[in-house]
Amino acid sequence: MIPIDPASTRPVTSLGEKQVRDELSLHGETLARLRDYIVEGNIPDGGRIPERQLSQMFGISRTPLREALKVLASEGLVDLLPNRGARVRQLSERDLRELFDVMGGLEALAGRLACENITDHEIADIERLHYEMYGYYLHRDMPGYFRVNQLIHQKIVEASRNATLLATYGSFAGRIRRIRYSANFARKRERWGEAMREHETILDALRRRAGDELSDILFRHLRQKRAAAVEHLSEGAAATGAPTSTSSTP
């Protein structure tokens with residue numbers, strides 16, 4: 001006879017099922033923590049990933065850490081080195097300009113399609129996120145602001161109802177997530193305020209389902225982000241004496 005879990009009234013099939021759930025939970029938690037750790041600049045561009053140190057810090061074995069690194073490599077955030085661990089991917093100025101142009105085109109298309117397909121409930125959800133982001137902006141909480149900012153853009157792409165666009169966007173978003181965070185963090189107060197005003201216009205166009213307008217706003221928004229990212233990269237290179245114009249493709 002199969003035992004019954006009184007809390008859920010569902011059959012408990014085996015201890016193996018619980019183990020699988022625990023492993024999936026550990027994987028998701030490790031992935032999120034490692035991604036945030038790298039995106040927030042705790043390891044320099046091109047720096048090696050200290051697996052032993054991170055395993056101790058996260059309280060995990062190196063197996064789930066390495067599985068998380070494989071996911072981050074697929075996202076373009078790190079490079080896996082044959083028999084040498086992994087390193088944070090380093091992007092050149094040319095890489096950034098090309099990537100942000102592609103992202104701008106993808107978001108512009110997503111904005112147009114989203115206005116054709118988005119529901120009132122989804123708009124309300126994005127509006128809620130917008131005001132949550134504004135709260136982080138007022139408190140100068142960059143990690144919180146950045147997390148919600150990225151989620152808003154993701155929600156707009158999801159509202160396009162185009163799986164190919166969503167997959168393509170995801171494959172590029174990870175590659176510039178770190179530099180977007182760093183550029184946001186280095187912004188002057190005026191530029192951060194300007195970014196918030198741009199998001200107000202994004203939300204307004206989305207409410208009105210003004211597809212062409214939203215498409216143009218999103219493309220210009222990404223161009224502004226590109227300028228901030230390139231400026232941040234150039235300032236960092238000037239401080240270290242490193243070149244910025246060559247491609248960093250491994």
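**Legends to close-up views of the predicted model**

View 1. Leaving aside neighbours within four places in sequence, Asn 149 touches Met 133, Arg 180, His 199 and Lys 225, where contact means heavy atoms within 4.5 Å. Asn 149 belongs to helix H6, residues 142-158. Helices (H or I, at least four residues) and strands (E, at least two) are DSSP runs, numbered from the N terminus. Asn 149 counts as buried because its relative accessibility is 0%; buried means under 20% relative accessible area, exposed over 50%, and partly exposed in between (1.4 Å probe, protein chains only). The model is predicted: local features need pLDDT of at least 70, side-chain atom pairs count only at pLDDT 80 or more, and totals for chains, interfaces and linings use all residues. Residues are numbered from 1 along each chain as its sequence is written, and side-chain values use heavy atoms, with hydrogens and water left out.

View 2. The whole structure contains two cavities of 30 Å³ or more. A cavity is a set of points, on a 1 Å grid over the protein atoms alone, where a 1.4 Å probe fits but cannot get out; lining residues have an atom within 4 Å of a point. Grid points are joined across faces, edges and corners, and a volume is the space filled by probe spheres set on the points. The second largest cavity holds about 30 Å³, and its lining consists of Ile 126, His 130, Ile 152, His 199, Ile 202 and Leu 203. Helices H5 and H8 (189-207) each supply at least two residues of this lining, with H8 giving the most, three residues.

**View 3. Salt bridge between Arg 209 and Asp 120.** The closest N and O atoms of Arg 209 and Asp 120 are 2.8 Å apart in a salt bridge, defined as a side-chain nitrogen of Lys or Arg within 4 Å of a carboxyl oxygen of Asp or Glu. This pair links distant parts of the chain, 89 residues apart: Arg 209 lies in the loop between H8 and helix H9 (211-240), and Asp 120 in helix H5. Arg 209 is partly exposed, at 32% relative accessibility, whereas Asp 120 is exposed, at 59%. The structure holds 22 salt bridges.

View 4. Arg 128 and Glu 132 form a salt bridge with an N to O distance of 3.6 Å. Both residues lie in helix H5, four residues apart, or about one turn of the helix. Arg 128 is partly exposed, with a relative accessible area of 47%, and Glu 132 is likewise partly exposed, at 27%. A further salt bridge joins Glu 213 to Arg 208 (2.8 Å, N to O). Salt bridges that share partners connect Asp 125, Arg 128, Glu 132, Arg 147 and Lys 155 into one network.

**View 5. Nonpolar surface patch containing Leu 138.** Tyr 131, Tyr 134 and Leu 138 form a nonpolar surface patch with about 300 Å² of accessible area together. Patches are made of residues with over 30% relative accessible area and no salt bridge, like charges being joined within 9 Å and nonpolar side chains (Val, Leu, Ile, Met, Phe, Trp, Tyr) within 5 Å. Accessible areas come from the Shrake-Rupley method with a 1.4 Å probe; for residues, only the protein chains shown count as cover. Leu 138 lies in helix H5, residues 120-138, and is partly exposed, at 45% relative accessibility.

Key: 1 Å grid on protein atoms, 1.4 Å probe; cavity = no way out; pocket = protein on both sides within 12 Å on 5 of 7 lines; lining within 4 Å.
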